[in-house]
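Q: I'd like to learn how to read helix packing and salt bridges in a model. Can you walk me through it?

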Amino acid sequence: MNSKKTHYLSVYSLELPKFDTKYLHPKIKKLGQLLNSDSAATYLFSSITENIQSKTYIRTHVILAISLIQHHRKKCRGQQLNDFQQSLTEFVKELKSQRVKKTCMTIIKKIYLRLVSMNFFIADSLSQEFNIYTLCPASSSEVLAGHFKRIELYSKNIEITETTMQFINSKNIVKNYVSCYADVFEKITQIDPEWPSSSIKLGIEEYRNSFDTESGSLNTKYHATSKVLELFGYLIKIGLLDKNTVLPKNIKKPAYSSLMRSTNPTLSSININLLSIEQSLTSAKVLIDNFHSDLIKKLDYSTTIAKKVVTEFYNQLPENAPFPSDGIDPNIIVAMHIIIVDEMGINPTSLYNLQVNIATGRRNKKEFIKIEADGTVRVNIIKWRQRYLQKRTTTSTAVINHQKLQLQDVNASFCIQFAITLTQGIRKTLNTNLLWLRRGQGVVRKSNSFDSEFRKFCEVFLPEDFTQLEPTLMRIRSSRAISIYIESEGDIIKTASYLGNKVKTTLSTYIPLFLQEIIYRRKLYAFQNLYLILATADNPKKQNMLDMTEVQYSNCVKEIYKNEDFGGSLFELLKPKSVDTLDENSTEIFFICSPENFAHAIKVIKTSPNKENIKYKVCLNAINKASSGSIIFKSMIIDAENILDKEGISFE
């Protein structure tokens, strides 16, 4: 071991840890044997585990340090740093093949940097070419720390640095601001370290113009520039910058801009947002067909696996015994989440926080989850960011019983009802209304997220080529939405209904621009054909003009009337009238809107045994139209509910 390391050892304690001694002391002793120095082992342990409170995380540091040094010793390599770097590269490749957590890469990087700072290995010319960050990329915390250092480095003076730090800390999401300020500080300092008014203006302009709006988003450019202008406006206001400084204007806020991530937002191996030159030259139809088939294959596979997991668990339970109610195994929860999100399109964050019921109040409903008599489930979903309560109802039906469960019977309705049953006891024990509670859970967690459990589920149940795409519930939801959009030939209303979003949000956030463009071109082509048919309808030589046979022309006309995109008063006049509509005895039914009539309609819907009855259909149609209508109609529905409340009739 190189003797130059000794001046580092005084920084950290060389005493053995006084916690978890039965486990850590033997491990540190073993590390000392591998390093041929107990003091080096103790120093390495102290430095890499500094400020870490988790016992499990500390153990992981020690295990990885021992494994790395053992790997190096087994290769019989010496004390040259280049030899150790070669061993490190091999070790990291082995870890990646085992699909370990990304935090392990951070720990390996920490061990390497500490050994280098100790001068434990002898550096040479070959070792200088090695970059640890290529092998183990910087973590988000390291990137954030780097931006803070850049702010300190390029700031004009300590007062501006401290004020900027205070300004950043006043924001809810610090990381969204740090990189902006570090970049603009660097540009201004490169122009003039003294920060005169002209260099500040020029530096902000260069930062604003540095965004690549061809591959990025105009919204990103607008909001990043807004953050910079906000900070510099504040610095001028409090007198840290010249009051005569003129700040450049921001770009116009874009009315529309794609908010889709450049990283693949779907389960498909084809990233339709980042096509290679070869892919971009292929037929659009072939590309979309391949993309869609890959999406369907991945979605069907993931939901089938999830249904198998739930089915096997259900069928293992004793047939004549009551269902357990002490919580759900995490793998079963994740499987249920996949099924529910795929079928209903619920946002995963809202699904994680789903509650069975809430406290009864004058203006709120008692249940967040309502199981209807027909086996469907109505769920109240809270979208916190929008401050919006959304009602969603499953399209599938299910009944929980002790009979053997078949794969095709597992759906969103079944999963929600089964989860309520499995968590009934633990909800009372923990005094909570949350639906998703783990088996053996002792306290209500601050975070209800199941993201880590989802990753573990994928590692266990999905093949390696699938997990390399890093599937998430968000990607399952986005993939199904895009699949619906393609299958419905661009029906954005249907897609938005699945997601529970507005049409504008659906287009800007979920549907790729490439796909939108193809669908729009296809619709325009269909309308052009319609105009050609209409323009030549009275021409006796129309078939010759359109280069069609009589059969082709007849089929084309039929297809036009089948196209769901066409509509409007003119199109309805052109439509051939059926015999039923020309019947003189046909009647038209009117529903007179009033709170009393809506109350009666709700009663009919809930009590009618025959859903094919004309009265039932009229009442259902009236309620549906009023619910999606203006505020006047919605207020009538509320008054109707109050009438039913007074009569003691449930309208849920």
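What follows is a short chat about helix packing and salt bridges in this predicted model.

Q: What describes two packed helices?
A: The angle between their axes and the distance between those axes. Here, take α3 (residues 55–74) and α5 (residues 102–117): they pack at about 60°, with axes 10 Å apart. Their crossing is right-handed.

Q: Which residues make the contact of α3 and α5?
A: On α3, look for Tyr57, Thr60, His61, Leu64, Ala65, Leu68 and Ile69. From α5 come Thr103, Cys104, Ile107, Ile108, Lys110, Ile111 and Leu115. Sorted by class, that's 10 nonpolar, three polar and one charged residues.

Q: On to salt bridges. How many does the structure hold?
A: There are 14. In one of them, glutamate 186 pairs with arginine 150, the closest N and O atoms being 2.8 Å apart. Glutamate 186 sits in helix α9 and arginine 150 in helix α7, so the bridge ties together parts 36 residues apart in sequence.

Q: Are glutamate 186 and arginine 150 buried or exposed?
A: Both are buried. Shared partners also join Arg150, Asp183 and Glu186 into one salt-bridge network.

Q: Where do aspartate 326 and arginine 439 lie?
A: Aspartate 326 is in the loop between α13 and α14, arginine 439 in the loop between α17 and α18, so their pairing ties together parts 113 residues apart. Their N-to-O distance is 3.9 Å. Aspartate 326 is partly exposed, at 40% relative accessible area, and arginine 439 is partly exposed at 40%.

Conventions
Residues are numbered from 1 along each chain as its sequence is written. This is a predicted model: local features need pLDDT of at least 70, side-chain atom pairs count only at pLDDT 80 or more; totals for chains, interfaces and linings use all residues. Side-chain values use heavy atoms; hydrogens and water are left out. Axes are lines fitted to C-alpha atoms, for helices over the stretch in contact, and angles run from 0 to 180 degrees between N-to-C directions. Helices (H or I, at least four residues) and strands (E, at least two) are DSSP runs, numbered from the N terminus. A crossing is left-handed if the near helix is turned anticlockwise from the far one by less than a right angle, and right-handed if clockwise. Contact means heavy atoms within 4.5 Å. Ala, Val, Leu, Ile, Met, Phe, Trp, Tyr, Cys and Pro count as nonpolar, Asp, Glu, Lys and Arg as charged, and the others, Gly among them, as polar. A salt bridge is a side-chain nitrogen of Lys or Arg within 4 Å of a carboxyl oxygen of Asp or Glu. Buried means under 20% relative accessible area, exposed over 50%, partly exposed in between (1.4 Å probe, protein chains only).
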